[in-house]
Amino acid sequence: MLRRRVIPCLDVANGRVVKGTRFVDLTDEGDPPELAERYAREGADELVFLDISAAPEGRGTLLEVVERTARRAFIPLTVGGGVRSVDDMRDVLRAGADKVSLNTQAVADPDLVTRCAARFGSQAVVVAIDARRVSAGTGDARFPAGYQVVVKGGREPVGLDAVAWARRAVELGAGELLVTSIDRDGTQTGFDTALLRAVTLGVEVPVIASGGAAGPDDFVRAVRDGGADAVLAASIFHRRQVSIAEVKAVMAAAGLPVRAVDPGAAA
Amino acid sequence: MTAGPLVAVVDYGAGNLVSIEQAITAAGARVRLAATAAAIDGADLLVVPGVGAAAPAMERLRDAGLVEPIRTWIAADRPFLGICLGLQLLFDGSDEDGAVTLGILPGRTVRLAGAPTLPHIGWNQVERRRPHPAFSGIADGADLYFVHSYAGLPAGGLDDEAVVAITAHGARFVSAVARGRLLGVQFHPERSGRDGLRLLANVVGLAAVERDRRSAA
C-alpha cells in the first residue's frame, strides 16, 4: 500500500533556509544541503525546496544550492520558485530536482503547466496553490468553495476560486498539488482540513497538505479528515519541536500507512 | 585494487541525472553521461533512466543515434539497467501516447488500473516473485520510491517469466523485470534511500564481475 508521505519543507532565500510567519519576519534556519541530509537520515519521505527570494540574480545561486542539496539526499526533491519557462524547468531538473513546483507563474501562464507536463511528464509537475479563506458571510459568488487563490507569497489575490483552480491545474497537466493555507501558514494552529477536503474530493492526483502543522496529530488529521496523500511542514522540524519519527509513530498508531524510519537513523 | 566499473548513463534530456550519477558513484562506480553512441563504448554497465512520456523520449534517443546501440548492447547480454521510463521503453509500445518503443521485451506499457490516485507518487512495497541478485540484502516487501502513471506489462502478464517483483496501487503491476543481464525497475533506486543505494551497489557489483569475466576470457 502506498505510504502517506511526511515532507519537510526548506524555504530558501539567498542560499539559506529561512522561516517566517505568513512569509514575513524571516529567520535563518540553516544550510539547505545539511538540513536535507539530516531529514533524509531521520526518515523524511521527500523534500520540498522553495526559493522564496524572488530576485532574478539569485538564479545561479539557486541552481547551485539545488545541486548540492540533491547530491546529499537520496530521496526525492521538489523545487519551486522562479520557474517561468520550460527551459527554466529543464535547468532545475538538470540541477538535481525530481519535480518542479509552479505557483504564481502557473496562474499567470496556465499553458506553462501544459508545456512542462508535455516535455517532462505530469509526474514532474507540481502546482502549488496558496489559498486564503474568504470572510464568512460575504457570499462572494466567485469563490463558491470559500477559498480564493493568492500569489506572490500570499500577498496578492487573483480572483480565482481555489478548488476550481485545483481542478483546472490538473486538467492542464499537474501531476500533484501542493495546497497551502495562507491563513494557517506559520501559525501552528493545525492544517485547514476543510480546504484540503474540498480539494482532494475534486481531483485524482495526490495532494500535499501545507500550512499550520503544530504537532503529530495535525498530520493525522490532514490525511484522515483532509484526504491528503502527503503532509508538509517546516519550522516544527527545523526547530526540533517534533521529529519525523515521532510524527510517523503517531500516524502509524492512527492506522495510517507510513514508511518505517531506518533503525538508528535518527540522530 | 582495480577501479570501479564504468557506468554509461544515457543522457537524452529526460530529467534528473544528478541523483543517478551521485547514487551510482556512491555505489563505487565511475559514471559517464552518454549522449552519443560513442560514449557507450567501453562501459561495463549501461543505464537508461528517464521520466515522462515515451514518444518524446524515443524521438530524442533516435535523434542521438542511441536506439540501435541500446538494442545491440542488450542483444549481446551486456549488463543493463532501465529505470522507470527506461524500463517502459524496453517493451513494444506505450498506451500513454501510442509510441512504438524498443521492442526488446514482449509486452506493452499500460496505465495503472484501479489506482486510487494517479500519478502513483511515493513509497510502496516491492514484493518479489523470484530471487534476483540485484535485490540481495533488501527485504522482500521493502518500500521503494515510485513516480509514474504507467507501467510495463510483459506479454505473459504478472506471471511472465521476466517478472521479478510486483507492487500494488489499486491493481498490481510489474515493478521489476529481468532477462539475462538486463534488469528493469519501475521505482527509482536513486531516490529510494538506503535500499535503493543497496540495489545500485548490487547492480554495479554484478557489472564488475562480468567485466572481470570478460577480461579473463
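Start where chains B and A meet: 15 residue pairs are in polar contact across this interface, both partners at pLDDT 80 or more (a pair of N or O atoms within 3.5 Å, one able to donate a hydrogen and the other to accept it; residues adjacent in sequence count only if both atoms are side-chain atoms). This is a predicted model, in which local features need pLDDT of at least 70, side-chain atom pairs count only at 80 or more, and totals for chains, interfaces and linings use all residues. Residues are numbered from 1 along each chain as written, chains are lettered from A in the order written, and side-chain values use heavy atoms, without hydrogens and water.

Next, select A:Glu204 and B:Arg111, whose side chains form a salt bridge at 3.9 Å, N to O (a side-chain nitrogen of Lys or Arg within 4 Å of a carboxyl oxygen of Asp or Glu). The interface has five salt bridges.

Now show the whole contact: 36 residues from chain B and 35 residues from chain A (heavy atoms within 4.5 Å). About 3,000 Å² is buried between the chains, 52% of it from carbon and sulfur atoms (accessible area, 1.4 Å probe, lost on being put together, summed over both parts). On the chain B side, pick B:Ile121, B:Trp123 and B:Arg191, which lose the most area to chain A.

Finally, colour chain B by strand (DSSP E runs of at least two residues). Nine strands make an open, mixed sheet in the order E2-E1-E3-E4-E12-E11-E10-E7-E8 (paired strands share at least two DSSP bridges). Strands E2 (30-34) and E8 (142-148) of chain B each have a single partner strand, so one side of each lacks a neighbour in the sheet.

Technical notes
Helix = DSSP H or I, 4+ residues; strand = E, 2+ residues; numbered from the N terminus. Buried area = accessible area lost by both parts, 1.4 Å probe.
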